[in-house]
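Biologist: Could you open the model for me and go through it with me? I have a few quick things to ask.
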Amino acid sequence: MRVVFCLDDKPQYLLLLKGAVRSLRAVHGPSVECLAVYGGSNPDVIAGIESENIALARHRPVLNQENMAPCTHRVMGAFLKLELALLPELANDDYVLYCDTDVFFNRPLDALTTINPPYLAMAREQTAVFYPAHESFTYLHKNREYTIPMPFPIWTYNSGVVLFNLKRLRTRDYILNFLDFCRQVSDRIGNFDQSMLNYFFGKRITKLDPLYNCPPYMPQSKEHGIIVHFHGPKPWDIYKPLWKDLRIGHFEYFRRRWLDLLHPEELDLVRKMEEAQNK
Ligand SMILES: [Mn+2]
């Protein structure tokens with residue numbers, strides 16, 4: 001099963017992508033199949049992906065600044081993952097594992113191939129139950145009105161790691177129905193791409209073992225975490241008071257292991273990012 005990452009032009013994404021793919025290759029060997037989906041056109045980003053021998057899919061996002069609410073514009077890159085079923089590069093893949101770039105592969109993914117979710121599988125967010133602000137969402141698709149009730153409160157699933165059944169999403173253009181939903185509710189959605197997946201798919205989401213999306217502050221992350229997700233503080237966020245409560249447990253251990261994957265000039269960049277927080 002291919003591992004897919006998405007990135008836009010935020011410079012730190014390229015660095016995170018390199019760390020993630022190097023950790024994946026350390027666990028599964030250099031021939032593990034992965035794909036970087038890039039929604040921008042910066043030649044430096046493209047060169048960075050290619051120099052790392054990562055297959056590249058350039059994609060012009062269907063969900064973009066012209067058709068999405070202004071409140072989403074600063075995080076447009078987060079919506080790319082919702083469009084994977086449209087990519088010609090993935091047309092022959094029934095299932096793919098999407099991962100954020102802020103992950104570290106700690107253990108083999110072998111058992112994942114036995115999970116064949118009818119739509120998608122995600123692990124639960126490490127938070128309390130969530131009460132959405134809306135009772136239902138109504139949207140139009142092919143001139144027909146659809147209403148999705150919110151049977152909540154719910155536990156939210158985290159969109160940092162998503163096992164997508166692309167075959168299912170491509171069937172009868174289901175993906176286009178979903179993207180119509182995303183466009184039309186983008187002004188009222190709380191947590192962007194994550195809320196769109198949770199609200200639209202609801203009870204059709206298959207529960208993924210939390211070890212596939214394990215924050216480094218969880219006690220089990222070091223020994224058993226399969227995919228460690230720098231959810232909250234990134235490896236260079238060592239000073240920001242905001243993330244203090246999350247820099248616990250094995251955060252420092254995984255930060256070290258991530259830094260060990262970097263080349264000297266990349267480490268210089270990380271030092272600069274660390275120092276910038278003190279100013
Ligand atoms: Mn993330």
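Biologist: Is arginine 172 buried or exposed, and why?
Modeller: Keep in mind that this is a predicted model. Arginine 172 counts as exposed because it has 9 C-beta neighbours inside 10 Å, and the cut-off for exposed is 12 or fewer.

Biologist: Where does arginine 172 lie?
Modeller: Arginine 172 sits in the loop between helix H3 (166-170) and helix H4 (174-185). Its phi is near 45°, a positive value in a residue other than glycine. As background, most residues other than glycine have a negative phi.

Biologist: What about phi of phenylalanine 192?
Modeller: Phenylalanine 192 is not a glycine either, and its phi is positive at about 50°. This residue belongs to helix H5, which covers residues 192-201.

Biologist: And is phenylalanine 192 buried or exposed?
Modeller: Phenylalanine 192 is buried, because 20 other C-beta atoms lie within 10 Å and a residue needs 20 or more to be called that.

Biologist: How far is cysteine 71 from phenylalanine 192 in space?
Modeller: The two are 9.4 Å apart from C-alpha to C-alpha, although 121 residues separate cysteine 71 and phenylalanine 192 in sequence. Cysteine 71 is placed in the loop between S3 and strand S4 (95-99), and with 12 other C-beta atoms within 10 Å it is exposed.

Biologist: Switching to the sheet, in what order do the strands come?
Modeller: The sheet is open and has 7 strands, in the order S3-S2-S1-S4-S9-S6-S10, with mixed pairing. Strand S3 (55-58) and strand S10 (205-207) are at the edges, and each has a single partner strand, so one side of each is left without a neighbour in the sheet. On average, neighbouring strands of this sheet are turned by 30° against each other, with direction ignored.

Biologist: Which helix packs on S2 and S3?
Modeller: That is helix H2 (residues 43-51), which packs on the sheet and touches strand S2 (34-38) as well as S3, its direction making about 180° with that of S2.

Biologist: And which strands does H5 lie across?
Modeller: H5 lies across S6, S9 and S10, and runs at about 60° to S9.

Biologist: How do S6 and S9 run, parallel or antiparallel?
Modeller: Strand S6 (residues 120-124) and strand S9 (residues 157-165) run antiparallel, and 4 bridges join them. Leucine 120, for instance, has phenylalanine 164 in S9 as its bridge partner.

Biologist: Back to S2, how many of its residues are buried?
Modeller: S2 is mostly covered, with 5 of its 5 residues buried.

Biologist: In which sense do S1 and S2 pair?
Modeller: Strand S1 (residues 2-7) and S2 pair in the parallel sense over 5 bridges, with valine 4 opposite leucine 35 in S2. The chain crosses from S1 to S2 through helix H1 (residues 11-28), and this β-α-β crossover is right-handed.

Biologist: And how do S2 and S3 pair, in the parallel or antiparallel sense?
Modeller: S2 and S3 pair in the parallel sense over 4 bridges, and the bridge partner of tyrosine 38 in S3 is arginine 58. Here the chain passes from S2 through H2 to S3, in a β-α-β crossover that is right-handed.

Conventions. Residues are numbered from 1 along each chain as its sequence is written. This is a predicted model: local features need pLDDT of at least 70, side-chain atom pairs count only at pLDDT 80 or more; totals for chains, interfaces and linings use all residues. Helices (H or I, at least four residues) and strands (E, at least two) are DSSP runs, numbered from the N terminus. Two strands pair if DSSP finds at least two bridges between them. Axes are lines fitted to C-alpha atoms, for helices over the stretch in contact, and angles run from 0 to 180 degrees between N-to-C directions. Two residues are in contact if their C-beta atoms, placed from the backbone, lie within 7 Å. A crossover is right-handed if, with the strands pointing away from the viewer, the path from the first strand over the helix to the second runs clockwise.
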